[in-house]
Amino acid sequence: MTTFSNPRILDARARFEEIFGRAARHYGRAPARVELLGNHTDYNGGLVMAAAVDRETVVVGAPSANRTARVHAAHFGAIDEFPVDAIEPAAAGSWERYARGVVWALVEDYGPLTTGFDAVVVGDVPLGAGLSSSASLQAALALFLITAGAVPADLDQDAARMALARTLNRSENEFVGVGSGLLDQFSCLFGRRGHALYLDCDTLAHDRVPLGQPGPAIVVCDSRTSRRLADGKYDERRLECDRAAAGLRQFLGREAAALSAFTVADLEVAWDAIDPVPRQRARHVLTENERVRQGVRALGKGDLEEFGRLISASHASSRDDFENSSSALDLLIECAAAAPGFLGGKLSGAGWAGCTVNLVKAEQAGDFAASVRAEYHRKSGVEPLVHVCQSTAGAKGGNL
Ligand code: GLA
C-alpha cells in the first residue's frame with residue numbers, strides 16, 4: 001500500500017484540514033512492537049528479540065507561524081496545546097504527557113525546534129495492551145517533526161536511529177516518569193518486514209534477523225485485562241533485579257554495572273548468598289539472555305520450531321521465576337498451545353495483564369485465531385481480541 005492510499009494517512013489528512021483549516025504537509029508513521037524473547041532484560045543491560053508489527057500510529061501535520069504546538073489525538077477527540085520552548089508535563093499517564101515528552105526530549109538532545117507545529121494523531125495500535133502504543137506514538141511524532149524540518153536529524157544511518165531511540169527512551173524515563181528500557185523505542189524504529197530484531201542493551205549492538213520464507217504469523221491475543229492493575233510492579237521488579245546484581249557483585253567481587261554482566265553459572269555459584277526473591281528474578285533474566293542467544297542461532301538455521309520452543313520457555317520462566325504473568329495470560333497460552341499452527345507463545349512486554357504474543361505457522365493463522373477465541377471464551381467467559389500480525393518496517397516520515 002502506498003502512503004497515499006494508506007487509509008490512516010487519508011483519515012489523518014482529512015481530520016487535519018477540518019480541524020486546522022489548512023493542508024497537512026508531512027507525516028510520520030511508526031509500527032507497534034512485540035517482544036519475542038528477552039522479557040525484562042532490557043533495563044538489566046541484557047539481550048532482547050522483538051519485531052515491529054503491522055499496527056501503526058500516524059501523525060500528519062504542518063509547521064506553524066508561531067512557537068506553539070497543537071496536537072489533536074483522534075482517539076481521544078482532544079487537542080493539546082503547549083509552547084515548544086517551555087514544556088510542562090501534562091497529567092500522569094495521559095497521551096498528552098507522551099506527546100509533550102517527545103518534544104521536550106528532542107529539544108534537550110537536538111536543540112530548540114526551528115518552528116511550532118500543528119498535528120493530528122490517528123492509529124490502530126490497541127492501547128494499553130502490551131504492543132507499545134506509547135513508543136509507536138513517540139516515534140511517529142518524532143519522524144513527523146524531523147521530516148517537517150523542525151528537528152535537525154538525518155535518520156539514514158542506524159547510528160542516528162539509535163540516538164533517536166535513546167532520546168525517546170529518555171523522554172519516557174525523565175519526562176513521562178516510566179522507568180522502561182530501550183526495547184520499545186528500538187523496535188518501533190528498527191523494524192524490517194520479514195525480520196525479527198536483536199538488541200544488546202549494554203553495547204547497543206543490534207541486528208535484523210530474517211524470520212524465514214514464508215515467515216510465521218505473529219498473533220497477538222488480548223486477554224482484555226488491564227495493565228493498570230499492575231502499576232508499581234514494574235518498578236518493584238527493577239529493584240529486585242538491582243538487589244540481585246548487588247548480591248552477585250559482592251559475592252563474586254566484581255565491578256559489573258548491570259545484572260546481565262553475570263551468567264547463569266555465576267548465579268549458581270552465588271545462589272545461597274543471595275536472597276530468595278532477587279535470585280529467582282535473576283534466574284529469569286540470565287536464562288532469558290541465554291534464550292535470546294539460542295533464538296538468534298535458531299533463526300540463523302531457519303529453525304522456527306526451536307525458536308517457538310524458546311518463546312514458550314520464556315513464558316514459563318516469566319510465570320515461575322519473574323512472576324509477572326497472570327491466570328488470564330496463562331490460560332491464553334494454554335489455549336494457544338492447543339490450537340493449530342502454534343509454534344510458541346509468551347506474555348508480551350511488562351506482563352501481569354494485557355496480551356500474549358504467539359508465533360504461528362502462517363497458513364494456519366486463521367484457524368489458530370478461531371480456536372483460541374473459542375477455547376478461551378469457553379474456559380473464561382471472556383472473548384479475547386486476537387490480532388493476526390506480520391513483521392513490518394520501522395518508523396518513517398515523508399512529505400504529503
Ligand atoms: C515494557 C517496557 C520495556 C521492557 C518490557 C519487559 O514493555 O516498556 O522497556 O522492559 O516491559 O521486557
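This is a predicted model: local features need pLDDT of at least 70, side-chain atom pairs count only at pLDDT 80 or more; totals for chains, interfaces and linings use all residues.
Residues are numbered from 1 along each chain as its sequence is written, and side-chain values use heavy atoms, without hydrogens and water.

Me: Why is the pair of phenylalanine 342 and phenylalanine 368 called stacked?
Reply: Rings of Phe, Tyr and Trp (its six-membered ring) pair if their centres lie within 6.5 Å, and planes under 30 degrees apart count as stacked, over 60 as edge-to-face and the rest as tilted. Here the centres are 6.5 Å apart and the planes lie at 10°, so the pair is stacked.

Me: What makes phenylalanine 368 buried or exposed?
Reply: Buried means under 20% relative accessible area, exposed over 50% and partly exposed in between (1.4 Å probe, protein chains only). Phenylalanine 368 has 0%, and is therefore buried.

Me: Which residues are in contact with threonine 287, leaving aside its neighbours within four places in sequence?
Reply: Contact means heavy atoms within 4.5 Å. On that basis, threonine 287 is in contact with Val264 and Ser317.

Me: What places arginine 237 over the face of phenylalanine 322?
Reply: A charge sits over a ring if NZ of Lys or CZ of Arg is within 6 Å of the ring centre and within 35 degrees of the ring normal. Arginine 237 lies over the face of phenylalanine 322, at 5.7 Å from the ring centre.
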